[in-house]
Amino acid sequence: MIAWQDLLVMVLKIALIFGGLINVGALMTLAERKFSAWMQYRIGPNRVGPWGLLQPLADGVKFIFKESLMPDGANKALFRFAPVIAALPAFMTIAVIPFSNDIVIAGKNYGKLAIADLDIGVLFLLAIGGLSVYGVILGGWASNSKFSLMGGLRASAQMISYELTLILTILAVIALSGTLNLAEISDGQATIGTWNIWSQPLGFMLFVIAMFAETNRHPFDFAECEAELVAGFHTEYSAMKFALFFLGEYSAMTVISCLATVLFLGGPSVPFWVDAPWYVGFGAFIAKTSMFLFLFIWVRWTLPRFRFDQLMGLGWKVMLPLALFNLFVTGVFVSLGWNLWAKLGSLI
Amino acid sequence: MVKITVNGQQIEADPKKPLIHACHTHDVDVPMYCYHPGLSPVGSCRICQVEVKQGEAPGRVMVACRTYPAEGMVVDTESPKAHETRRECLEFLLKNHPLDCPICDKAGECDLQDFTYAEGQAAGRTHEPRRPLEKRKSLGDTIVLDEERCILCSRCVRFFEEIPKQAQLTVSDLGSRSVISTFMDKPLKGKYQGNIADLCPVGALTLTKFRFQARVWNLTKMASTCGECSRGCSTTVEVLRGSDVKRIRPRENLDVNGWWICDIGRFAFSHINAPNRLEGSLVREVPGLSIARNEDALCAVRDMMMRHKEVLFLVSPWLTVEEGQKLLDYSKRFGSKPIFVSPEHNSEKDTVLHTGDPCPNRRGLTELGIEGLPQKAAIERMQKSKCIVLLGERIVELIGASAVEALPHATSVAVFDCHALDLPQVQACVGIANSAERTGTWVNIDGVKGPIAAVKPTPRNVRALERHLDDLVKLSPSTESMGARAR
Amino acid sequence: MVIVKRKELSFAEQLYIPEILRGLSITFRKMFEPKVTRQYPEEALIKTDVTRGQPRLVVNEDNSIACVSCGLCEAACPAYAITIDGGETEREIEREPKRFDIDMLRCILCGFCEEACPKDAIYMSDELELADYSREALIYDMDKLKRPKKALQDRIDYVNRINDRWQTPSST
């Protein structure tokens, strides 16, 4: 029997996390435009609200009132369903991310700021997260357009290639921490010295690269690829269906940034302040995640797009061997009990 | 015939016609202002000077319109000497010509402009002010004279002397004050006044009805035939931006009209431009005539004819040969023969062009087997018929709306005309193209075929009578099944 | 035929990572540099002598239109934007436009009309704003096109200056 207070706390957490995710997705569209503008000596949106802060709202209203087009010969059911599949995994996977340490208010412990404390959190996240590619593939296929189809095909090939690297780097982290529970992984990095980034520098680098590819972001945005494929898989999409793809992309970015924070940057741990209160930890988490999100935007407006064969070459010939090597070395260290980094960390 | 050499080319020339005529018939361009093939040459403008060598004598510059070809003559129209002489003449002609091309109606088809451009002398060398003269001198209702622009070629003077043989204009006063004027400043009269505006090589004589109406390069021009009398003068119909016919000009046709046309034909575009055209079709429904699709109207006409079986086809004399043939074929199904309404000869008959017979295609229709019936007889025939189909532009105008109104109410009438006729007898009205909107042939009184051209688009939903007749044939059951129904 | 060899990449360049970081540092620095965006409706456009705005008709000091509807601008217009119907007037010049329409949606602001005009009656003004709710409203008639000569004086002076320059033989 769950007490109603517990239920209330749960509902509040869900509302906070979901609401937060959706708003971050919206704000990211603004941030994207603002940062890109600044990097190009421009001002960016500044008409709607102070500093253009209400721009996402205006965009949302616009998307709702736009005409929703569907090409002749499109697979109607799948065409409608694809944006949902694209957006849904991001919303589901956010459930297992632990955003803070135990929330203590007035001496009462309300648990971590997370919707679900799953023992196989990493597995769940990877399993569900891997589904998001179906949205892209189905959207591309159902549109009955050659550009969309090409975009969908590329997305699927790319996702499969880079998912391997991603999982292998996560495996190394799991091997170090010895658990699949994300909350426990982040608990294991309470001090800055124990952050996995120190023990897994190569793994971290590979993870960041693979994470760009997983979210179809520049320089790996072959699913969209404006130069060749018009807009790739969402060429034929308009109105809220298009907005849903957009939201899905930014939510996926947010989730994977959270994951990176948890896996490599110690989640809510605050550097040099071990006993920091939960809200400071939460703030630290947000700051670390924001850093990754900024990195996404920053890289997009800096690097040119790869060629598709270069992308596949990089994925299979460089990233995968490196990830395997990283896992092998980590495995050797762990099995021999040479936990050098943990010792170093304890010194700090 | 004599053999001469023009610009190195051996040609045969008629010694009775001026040298310029021989040049023009052999595509050698010699400028001309005062010379006109239809008028006697005077050599007053001096612009047609060419270098002529005869025998051993050195070449001399002579006016080509007053020199007649002689055996062995060697003519060079492009020699430096000829060019220089012509340029000097031109400079004199332009000495007092006002530079008002921007407001001049002739601009764009002006011989003076064209040749000045060809000679390339852009600036004048005179410093004195140009001679001021009257710019808006009315010469009657048809013509306005701009004395400043006139280069005194005297074409207009000779035209009245030679063609209608009624001298009305003259060159009066002396020297640079010479102007064209009528005797005692009386207004011009006669019905060939309009021709002098075409004749004028500059913009001195303009038509009141065309003055400032359009720039000539904006006009779409098509060869057509005048429909005001059975002479069938060849014309050029000129339309501004596909809407209004702005002017009708004679087209050179030595078999019919030469270079001239009477003012009745020249200004006969008021009914072509007439407003309130019937756009589409009207069909009788319970309260009155209502707008219908062309097909529905044709079906109504067909049903009307099938119901009565005996049909009187009354057509207008403006019907083309092609339309007449189609109608003749169609009317055979009802065992009747169309009749065209032939109005009485009017008093316009003269010795120059006008025949006084207002039916442009009388001969064509008669040759087809369609007979003409005077207006009164036609109306009598109508009163005897139960079912009447009126076809062709201006047919209602010809027999008169009152004649239709006087018919018994039981009579069924169908009208194919440019304008609607809203009378209780009328079962259907179908809009048709007028003679500026369709193609076809009229045969004039001497048997010369004259084409009529579609120079402007028809209004919306309006088609030529020929197309309607084609559709009627398609919509009507074949002759055999009609016979079966009759049995 | 020229064969251009690709630049040999050094080891550091082949690694990409240092080069990427270099690129990132550049874009990061650019974020704090001055912006070049002009806030259009609030900040006016910079107009110079050569600015060619929409064509406008000159109205003389005595309130009469300078145009005589000769139709040369209509003929010169490459976009077929101009439609003129002329007519007679009691003034000394005899002819004036009864209808002078410029379809501003067609107008490409090329200035050929200005160049063609023999009566100095049409000039490219400095007016550039062009927005309305219907296509019909953007077909400007004479009332919308008329401007007093004073309002166009800058452009008239400029055109006269340029024409003088053309007519003067070059000093070489």
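A salt bridge is a side-chain nitrogen of Lys or Arg within 4 Å of a carboxyl oxygen of Asp or Glu. The model is predicted, so local features need pLDDT of at least 70 and side-chain atom pairs pLDDT 80 or more, while totals for chains, interfaces and linings use all residues. Residues are numbered from 1 along each chain as its sequence is written, chains are lettered from A and ligands numbered from 1 in the order in which they are written, and side-chain values use heavy atoms, without hydrogens and water.

**Exercise 1.** Characterise the interface of chain A and chain C.

*Solution.*
- Step 1: Contact (heavy atoms within 4.5 Å) involves 15 residues of chain A and 17 residues of chain C.
- Step 2: The buried area (accessible area, 1.4 Å probe, lost on putting two parts together, summed over both) is about 1,500 Å², with 68% on carbon and sulfur atoms.
- Step 3: On the chain A side, A:Tyr41, A:Arg47 and A:Trp298 lose the most area, together 38% of what that side buries.
- Step 4: The salt-bridge count is one; A:Arg47 and C:Glu42 meet in a salt bridge at 3.0 Å, N to O.

**Exercise 2.** Characterise the interface of chain C and chain B.

*Solution.*
- Step 1: Here 23 residues of chain C touch 15 residues of chain B.
- Step 2: About 1,400 Å² is buried, and carbon and sulfur atoms give 46% of this area.
- Step 3: In chain C, the residues C:Glu88, C:Glu94 and C:Arg95 lose the most area to chain B, together 45% of what that side buries.
- Step 4: Seven salt bridges are counted between chain C and chain B. B:Arg241 pairs with C:Glu74 in a salt bridge whose closest N and O atoms are 3.0 Å apart.
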